[in-house]
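Here's a quick briefing to read with the structure open beside you.

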Amino acid sequence: MLSVAHSSLALAAQIGFFSLNGFGLLVGALYSGRTPILYENNLHHKFGWAVTWVVLAQIIIGLLRCGKGENKTEEAHREERLAFMPAGREHMTGYQRLQPGSIASMHRYSHDSAHDTESNRSRSDSTDCLHEGKDEETPHIEDQAPDHDIPYDANRRLLGSVELFRQLSRISQSLPYRIRKLLSLYYDAVDILILIIGFVLILTGFVTYGGVFRHNNIFNGLAHSIKGGIFFWYGLLTLSRWMGCFASYGWAWNVRPSHRIVGARHAKVPSAEFVESFVIFLYGSTNVFLEHLAGWGDAWTAQDLEHVSISIMFFGGGLFGMLVESRKIRDLLNASLWQWNASGDQYSQKGRWAPPQTYSFSMNPFPALIILLLGLMMSSHHQHSMVSTMVHKQWGMLFVGFALARAVTYILTYLSPPGSYLPSRPPSEIVASFCLISGGLVFIASNKDTVAAMESHDLNAMFVFTVTMGLTAFLMAWEVIVLAIKGWAVGRRRLDCHAACRTLP
């Protein structure tokens, strides 16, 4: 979160994390050297070392970016420094004529989609800071840049040596622009994927430690882990939407900001319901051919046909959901009415021809309906044992709970449509996210090997349910904390930049 927020504390946090990871690797190596290998050719060992090198490469790139003193790219940093220059208004007007659009873009933090509530304050702070400067002649704006940037002071203190900082700066400046661009893309990609990578590492660690998913059971284990993991992350995404993430896309149960506010790239992002429908469609269209993979070459069973029918339901339901979200389809459905519009203005905002208020936000219940039907099917899905049947019923009913909570959300938004760019935070979405997160975890635990281990240790289905509920509540609290830390880092960075501009001569 600190790295995504471009905080000066990000590098220190990354080095601290890598130090702890290195200690864990040392302890693991000592343990492995004294015990026999109980899981030959396991994925966790290889993947763990690969992720270690990936994180180490990100830290090295972070050091180079620290030496360069850049933010995202060289251009982004130049615009950021320009925003806090004590240049007079006449000079800024002249620069705006030379660089049209840069003044507008430098106030926009559009890459921080979770900070829409902060962006207006950031722009006002930057503008006030800009206008407080002296009206001195500044023939070369870059030459008048300060010798230090407050957000990077902590990194310089972390390095402990001015000479080391200068060496890193020389190395970074000697790299070609395309190489720096690729390194920056790599750094940002790791920031985006590190959570999913960590989830896969933890999951493979449990598999290796438990000794499950061997031989032909690997297909059943992979199916439950992948599908349950999708619902788990769907729940985390639902909670992040409630907290205000992706508000610039209109995903936070808010009014989607126009392209003048968030930029054309964010304004073109489809609705959250379209993305949900697309994922459902993608799953259904691909999983039709994978349901019989574990019994390849054998006769089809009734259970195989049931699974294929579920995939077909996902295929058709996702396609229908995407069609509902299409503005073009909506205009085509309204085409028979436009012929009676005397004014001929299809986009008239006055009178009876004005678009309904519900057109301003998405209200598509079909993704929730598909998950509701999936939950009902799995709740009555016959399994080989009573424990397995009960575990499947647990996550099936949790998915039903998600669908009902989402229905409450749509009822609330229909009765009181969102009218602000700020997230409306309907309380029913907290329940929806809880059901998805816990349901996804129980889904993962419902594989054959885990159920067999429960039965061999005389554990009933309620054991998995209670442990999962406690873990879900903790994870939701932790997600709120880390996103609050991100908001704190953004506010701290803005205050540091504001203080830096006030101290300039």
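Which helix does T472 lie in? It's α21, the helix of residues 461-502. Keep in mind that this is a predicted model. The protein chain has 21 helices and zero strands.

**The chain as a whole**
- Of the 505 residues in the protein chain, 42% are buried.
- Take the contacts with a separation of 6 or more: 78% of them come from residues 24 or more positions apart.

- T472 counts as buried because its relative accessibility is 0%, and the cut-off for buried is under 20%.
- A polar atom of the T472 side chain sits 2.8 Å from the backbone oxygen of T468.
- Leaving out residues up to four places away in sequence, T472 touches F434, I437, S438 and L441.

**F443 in α19**
- Helix α19 covers residues 428-445, and F443 is found there.
- With a relative accessible area of 7%, F443 is buried too.
- Set aside the neighbours within four places in sequence, and F443 is in contact with H224, K227, G228, F231, W395 and F399.
- F443 and S225 are 218 residues apart in sequence, yet their C-alpha atoms are 7.7 Å apart in space.

**How α9 and α10 cross**
- Helix α9 (residues 177-210) and helix α10 (residues 217-243) have axes that come within 12 Å and cross at roughly 135 degrees.
- That angle is why α9 counts as oblique to α10.
- As for handedness, the crossing of α9 and α10 is right-handed.
- On the α9 side, L195, I196, F199 and L203 do the meeting; on the α10 side, S225, G229, F232 and W233 do.
- Sorted by class, that contact of α9 with α10 has six nonpolar residues, two polar ones and no charged ones.
- An α-helix has 3.6 residues a turn, so residues three or four places apart point the same way.

- Helix α20 takes in residues 448-456, and D449, V451 and M454 in it are buried.
- At the start of α20, N447 has a side-chain oxygen that reaches to within 3.3 Å of the backbone nitrogen of D449.
- After α20 comes D458, with a positive phi near 60 degrees.

Note on methods
Residues are numbered from 1 along each chain as its sequence is written. This is a predicted model: local features need pLDDT of at least 70, side-chain atom pairs count only at pLDDT 80 or more; totals for chains, interfaces and linings use all residues. Side-chain values use heavy atoms; hydrogens and water are left out. Axes are lines fitted to C-alpha atoms, for helices over the stretch in contact, and angles run from 0 to 180 degrees between N-to-C directions. Helices (H or I, at least four residues) and strands (E, at least two) are DSSP runs, numbered from the N terminus. Angles under 35 degrees count as roughly parallel, over 145 as roughly antiparallel, 65 to 115 as roughly perpendicular and the rest as oblique. A crossing is left-handed if the near helix is turned anticlockwise from the far one by less than a right angle, and right-handed if clockwise. Contact means heavy atoms within 4.5 Å. Ala, Val, Leu, Ile, Met, Phe, Trp, Tyr, Cys and Pro count as nonpolar, Asp, Glu, Lys and Arg as charged, and the others, Gly among them, as polar. Buried means under 20% relative accessible area, exposed over 50%, partly exposed in between (1.4 Å probe, protein chains only). A polar contact is a pair of N or O atoms within 3.5 Å; within protein, one must be able to donate a hydrogen and the other to accept it, and residues adjacent in sequence count only if both atoms are side-chain atoms.
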